[in-house]
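User: Please examine the structure shown below and answer some questions on its architecture.

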Amino acid sequence: MIELHELTKRYGDKLAVDRLSFAIPPGVVTGFLGPNGAGKSTTMRMILDLDRPTSGRVLIDGRHYAQLREPVKYIGALLEAKALHPGRSARNHLLWLAQSNRVPVRRVDEVLALVGLSEVADKRSGGFSLGMGQRLGIAAALLGDPRILMFDEPVNGLDPEGILWVRNLMKRLAAEGRTVFVSSHLMSEMALTADHLVVIGRGRLLADLPMTEFIDRNSRSAVRIRTPQPEALLDALAGAAVTAEPVGDGAYEVAGGDAAKIGELAAAAGVVLHELSPQRASLEEAFMRMTAESVEYQAGGGSGTAAAGPPAPGGSTAEGSAAGGSAGWGADWGQRSGGGRRGRRKTEES
Amino acid sequence: MAHPTPSPAGGPRADAAYGDGPSGDAAHGDGPYGRPLPESPVQEPGLRHALASEWTKIRSVPSTVWTLAVAVGAVVGIGGAAVAWSRGSTRPGDNILGLGLGGFLVGQIAVIVLGVLTVTSEYGSGMIRTTLVVCPRRTRVLTAKAAVLAGLVLVAGTASVGLFAALAVLVLGPGAGPQPAGRLLDAVAGGGLYLTVVALMSLAVGTLLRHGAGAIAAMIGFVLLPVVLGLFAGERLGPYLLRHSAVATSASLFGSGLDPDTGCWRLLATLAGLTAVLLAGAYAAAVRRDV
């Protein structure tokens, strides 16, 4: 169990981490999410006593990190993929780690086999690909058979098979009762791995809840309708106490609506429908919405107005498709910074 | 470079090695993680383990081998060449050890590079974080680094100057006559200690600056600049800088100092004092800083 109490880190006049309090329970994979620059890595470095907090503290099973006697056997951490001397072999890299904490030297070959690097154990790590560097970093984290594991962006640079492997590894480590704390800026990855979510933005805690709850709260559905007779349709829907919101581009959406029922209402009123499609907000969108306000480097100026937290009903569905499904995450930060739905609609209309 | 394909090498085999099934049954005991979790450690690892760890680090990178080879090669090779050149032209009473000064000055540049890289290679790659995660006591890490570096340079430095001195006495001794024992001691023991002090100063500067190129430049500047500045720094400061420069200290060890009044050991002590101050600064910085 790792506990953070009012953890704060200030660089000059910039608050990198702002009174962060949460606990990382054992036996589950806790996902640590936030946009780039949200303070994830700073927080992880403070947990490991690499950065000194401005105020607040971190307790690991009730103790400060520096009080751990053999940290390698207690916490395994992967911080950067290629934090290695390029001239040193993988085996020697693990060997010095083992020696520093009295880990039996045979563990070196065990973890090398575990991550699939046995064949290149004596090669210079400078020639490793990013993915191999990640594997070596994971091997180093597992070296002391620790009860707590921290991974900072572990799937970066891995191929699909490697990603699957890391995912299963983390789940298995948690199933063995270990504490697994994984940071990522990819909600989609966390959705497949994490049991618990901690979301931060601009150093502040935005959410600390089980993944199932996050999904329940954020995967609201809606029905998108397109019709050449909007007035007639809106009247028909209003008659059945169904509210449709315009979402721009001539389309309307009914939050939490039932497509079959809306189709029947339209047919009864004799309204022509050009589109009747159920929409479902992805977790990615929910996460982006939650953190949009706290993205550090926004493309546009101005402060947004959307509340940090689960999206309001009705607004949760159109976003992804309106912004263009192919746009990468970050492509639409600028329009979000314009402020909530107003900004979005303006972009859609332009 | 061999490139393991994760699919056959990594994926399935790794999974097999890992144990069977997400249950990770502790009673199973057929994979590395089939064992129960480690018991709470009782005894803290000490400096001994940090030393073993740092020794593995320093011996397992090619840059250590190269810089030491260059240092030894410069002292023995350049000195030896000067000895060979002087065959037949020495007169009784000549200071034949002075011929080693050129190689020694070149060799200390390689020692500077080794001392700086010992610490800055970790800062450059981010590996310092791994080091401090596994050994949160930062003073211990720096002490272990300094001890391992000092031991290595002391042995290699003393051996290389000794080798040069043996060569000089063997080849030129018949012509130049016996060398005073004190002069041999100054050169061999003093030379080895001087290189050790320079290595430690480089380590301190590397720790303070955390940047390889910057620290190497600062150290080379420290060795060379006083000689240049000494010529233009006025009547009081100028001679002082010249007398106490690293170059003058090196020269005095080889019996060809600028100022015979100031003994080589006193100059060496001055250098060691400055190194101690820089090391103290390095300790303070290492303890206080975020990494």
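**Helices, sheet and cores**

Analyst: Helix H6 (residues 160–175) of chain A lies across strands S3 (29–33), S6 (148–152) and S7 (179–184) of chain A, and runs at about 150 degrees to S7(A). Axes are lines fitted to C-alpha atoms, for helices over the stretch in contact, with angles from 0 to 180 degrees between N-to-C directions; contact means heavy atoms within 4.5 Å. Helices (H or I, at least four residues) and strands (E, at least two) are DSSP runs numbered from the N terminus. This is a predicted model, in which local features need pLDDT of at least 70 and side-chain atom pairs count only at pLDDT 80 or more, while totals for chains, interfaces and linings use all residues. Residues are numbered from 1 along each chain as its sequence is written, chains are lettered from A and ligands numbered from 1 in the order in which they are written, and side-chain values use heavy atoms, without hydrogens and water.

User: Which strands are the edge strands of the open sheet in chain A?

Analyst: Six strands of chain A follow the order S5-S6-S7-S3-S8-S9, with mixed pairing. Two strands pair if DSSP finds at least two bridges between them. Pairing on one side only marks the edge strands, S5 (75–78) and S9 (204–210) of chain A.

User: Which residue in S9(A) stands opposite Gly201(A)?

Analyst: Strand S8 (residues 196–201) of chain A runs antiparallel to S9(A), and 6 bridges join them. Opposite Gly201(A) stands Arg204(A).

User: Which residues of H10(A) are buried?

Analyst: Buried means under 20% relative accessible area and exposed over 50%, with partly exposed in between (1.4 Å probe, protein chains only). On helix H10 (residues 259–269) of chain A, the buried residues are Ala259(A), Ile262(A), Gly263(A) and Ala266(A).

User: Which residues touch the most other members of the largest nonpolar core?

Analyst: A nonpolar core is a set of buried Ala, Val, Leu, Ile, Met, Phe, Trp, Tyr and Cys residues joined through side-chain atoms within 4.5 Å. The largest has 146 residues, and those that touch the most other members are Met150(A) and Phe151(A).
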